[in-house]
Amino acid sequence: QVQLVESGGGLVQAGGSLRLSCVVSGRTITNIPMGWFRQAPGKEREFVATIDRSGSYTYYTNSVKGRFTISRDNAENTVFLQMNSLKPEDTGVYSCAARRTDYSGTTAAAGLYDYWGQGTQVTVSS
């Protein structure tokens, strides 16, 4: 079975940084795009960032552009999300997602992802 496990969340003050990791087991991520999503209390899951299978192309939601960086290490079957200049509105559960079908582009739509991690909590205090 495919499993995604996130780590790296925690409690930080506004302006601080966190680096999230997502380790995938059960299949190689070499040929698929990956994504990060987040869900704040009382709100639906929203797209944060995506990266194509080669790591050459990335795409971010406007609210995190310039502050967050998504990257991947295919040899380690791992995806990262570096979060800098964190704001209280970044608070939420951050989940990693993987597609099942080989695809060369980025993917921002949650409905196109097949595998999801359980998430890691990120809390930013003011």
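**Rings, strands and a core**

An open sheet of 4 strands runs in the order S1-S3-S8-S7, with antiparallel pairing. This is a predicted model, where local features need pLDDT of at least 70 and side-chain atom pairs count only at pLDDT 80 or more, while totals for chains, interfaces and linings use all residues. Residues are numbered from 1 along each chain as its sequence is written, and side-chain values use heavy atoms, with hydrogens and water left out.

Q: What makes S1 and S7 the edge strands?
A: Strand S1 (3–7) and strand S7 (68–73) each pair on one side only. Strands here are DSSP runs (E, at least two residues), numbered from the N terminus.

Q: How do you know that S1 and S3 pair?
A: Two strands pair if DSSP finds at least two bridges between them. S1 and strand S3 (residues 18–25) are joined by 5 bridges and run antiparallel, so they pass the test. Take Gln3: its bridge partner in S3 is Ser25.

Q: Why is the pair of Tyr113 and Trp116 called edge-to-face?
A: Rings of Phe, Tyr and Trp (its six-membered ring) pair if their centres lie within 6.5 Å; planes under 30 degrees apart are stacked, over 60 edge-to-face, and the rest tilted. For Tyr113 and Trp116 the centres are 6.1 Å apart and the planes are at 70 degrees, so edge-to-face it is.

Q: Why is Tyr113 called buried?
A: Buried means under 20% relative accessible area, exposed means over 50%, and partly exposed is in between (1.4 Å probe, protein chains only). Tyr113 has 5%, so it counts as buried.

Q: How do you know that the charged end of Arg45 sits over the ring of Trp116?
A: The rule asks for NZ of Lys or CZ of Arg within 6 Å of the ring centre and within 35 degrees of the ring normal. The charged end of Arg45 is 4.1 Å from the centre of the Trp116 ring and counts as sitting over it. The charged end of Arg99 also sits over a ring, that of Tyr103, 4.7 Å from its centre.

Q: Which residues touch the most other members of the largest nonpolar core?
A: Of its 28 residues, they are Leu4, Met34, Trp36, Leu81, Met83 and Tyr94. Such a core is a set of buried Ala, Val, Leu, Ile, Met, Phe, Trp, Tyr and Cys residues joined through side-chain atoms within 4.5 Å. S3 gives the most to this core, with 4 residues.
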